[in-house]
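Have a look at the model first, then read on.

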Amino acid sequence: MFEKILIANRGEIALRIQRACRELGILTVAVHSTADAEAMHVRLADESVCIGPPSAKESYLNTASILSAARITGADAIHPGYGFLAENAGFAEMVEAHGMTFIGPSPEHIRMMGDKIAAKAAMARLGVPLVAGSDGAVPDVAAARSVAERIGYPVLVKAAAGGGGRGMKVARAEHEVEEAFRLARVEARAAFGNDAVYMEKYLDRPRHIELQVVADAYGEVVHFGERDCSLQRRHQTLLEEAGSPALDATRRDRLGETVTGALRRLGYRNAGTLEFLYQDGQFAFIEMNTRLQVEHPVTEMVCGVDLVREQIRIAAGDALGYSQRDIRFSGHAIECRITAEDPETFTPTPGRVSLYHAPGGLGVRVDSALYVGYVVPPHYDSLVAKLIVHAPTRAEAIGRARRALEEFAVLGIKTTIPLHQQIMEEPSFQAGDYTIHWLERFVASGRAGSGA
Ligand code: MV4
């Protein structure tokens, strides 16, 4: 097992990884920008190294600085968390070239899944269902027209290097294809330096459901069920659930079997998440994330597993030591992402936290790096806390979330806590009746306002 892990991240996820390390008896090294000198992840680590100025590019994305920090402190592995360098295949290679272990998949698999065309081709070959679309990259407008003709309108043009919605354009009829194709290409080139695009049939009211997988270095692959991440606005997820209100155990098992079989044949290792669109009872694979995700705690609560511990054990060469039939799903979990934003306008509100009181009690978990007197810096993601509730049924989980949100006190900055409280009161949310468009409409309806 490793003796010392450098955690190349900040905030709640850096703390989350430190906690797993400590329980495994592993020392931790925090890295931080000058803006994060007083941050909780620095205070709680065994050692810390300043790696640069506030801008992420010069600190948390500064590979040279992070690798030297690892060298100097004698770390034998690096955990990247999510975001920043988590899906950077070149960084994973550099870590290994410096004689350390990257806690994640192989650089080859990170690179493959970063190219959405390659990822889809691999999954198609392995029997995972896809949306109807182009067979690989679409070279020009004429080819785009003929794909659209074959699959039917509306269609989406997507960037191969995309994700998060950038470089994605819809065409609802033939006269819109040329513009969609050109805009997607231009946006993709500007955002990713790669203008390859592909096409899919546009699904108009899908849910976003993802499957958590974990694989060891010896071919054992298991899944820990699905998460429903449909409640999002402008590609930022606000709330996640495990399991999905739209699935039953039979559908989950069937999808899980297809996916674990595929990843076994691919030789995938460590944790990963396959993203699907789910509409009219059909799954369509869209992307695979080769990292630990923000919303991993809902899976941990329903499966009773420590996913970060599993990532570390696998990277150290441990066998999983259990198989799919040992995994049980118990109850329902909901995560509310609490960000330092105005709950009505979504404008970031960095500043000093003057009071902080986290909820507790049965089935309540809070992952946060906040404390009284902490100043939320303006330079990074605005996520400041995750409230995770777990209960025997979904209705009880909603009741528990309501109670916990009421107890939660964060003063000095605005947060999205009131918005979460309003969502919990909405009958269609309570019924589990929502798609990826639900939150946008809820916010537009004014029911998310302060007067509701
Ligand atoms: C789609 C889609 C509808 N049809 N693909 C958005 C970002 C990227 N991760 C995939 N995305 C979508 N792909 C087809 N064929 C709708 C979306 C989409 C979406 C997907 C998941 C979560 C939130 C979303 C918000 C808007 C659009």
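The residues of the shell around the ligand divide into seven nonpolar, four polar and four charged; here Ala, Val, Leu, Ile, Met, Phe, Trp, Tyr, Cys and Pro count as nonpolar, Asp, Glu, Lys and Arg as charged, and the others, Gly among them, as polar. This is a predicted model, in which local features need pLDDT of at least 70 and side-chain atom pairs count only at pLDDT 80 or more, while totals for chains, interfaces and linings use all residues. Residues are numbered from 1 along each chain as its sequence is written, and side-chain values use heavy atoms, with hydrogens and water left out.

**Ligand site**

- The ligand is surrounded by 15 residues, the closest being K158, E200, K201, L203 and E287; a residue is near the ligand if one of its heavy atoms lies within 4 Å of it.
- A nitrogen atom of the ligand lies 2.8 Å from an N or O atom in the side chain of E200.
- For K158, a polar side-chain atom is 2.9 Å from a nitrogen atom of the ligand.
- L203 uses its backbone instead: a polar backbone atom there is 2.9 Å from a nitrogen atom of the ligand.
- On its own the ligand has 520 Å² of accessible area, and the protein covers 91% of that (Shrake-Rupley method, 1.4 Å probe).
- Two or more shell residues come from each of β6 (155-159), β8 (197-201) and β13 (282-289); strands are DSSP runs of E with at least two residues, helices are runs of H or I with at least four, and both are numbered from the N terminus.

**Helix packing**

- Helix α4 (residues 89-97) packs against helix α5 (residues 107-114) at about 175°, with axes 8 Å apart; axes are lines fitted to C-alpha atoms over the stretch in contact, and angles run from 0 to 180 degrees between N-to-C directions.
- The pair α4 and α5 is therefore roughly antiparallel (over 145 degrees).
- In this pair, A89, G90, A92 and E93 of α4 meet P107, I110 and R111 of α5, where contact means heavy atoms within 4.5 Å.
- Helices α6 (residues 116-125) and α9 (residues 249-266) pack at about 110°, with axes 9 Å apart, and are therefore roughly perpendicular (65 to 115 degrees).

**Backbone details**

- The Y153 to P154 peptide bond is cis, with omega near -5°, and P154 sits in the loop between α7 (141-151) and β6.
- The peptide bond from A242 to G243 is cis, with omega near -5°; G243 is in the loop between β11 (236-242) and α9.

Terms used
Angles under 35 degrees count as roughly parallel, over 145 as roughly antiparallel, 65 to 115 as roughly perpendicular and the rest as oblique. A polar contact is a pair of N or O atoms within 3.5 Å; within protein, one must be able to donate a hydrogen and the other to accept it, and residues adjacent in sequence count only if both atoms are side-chain atoms.
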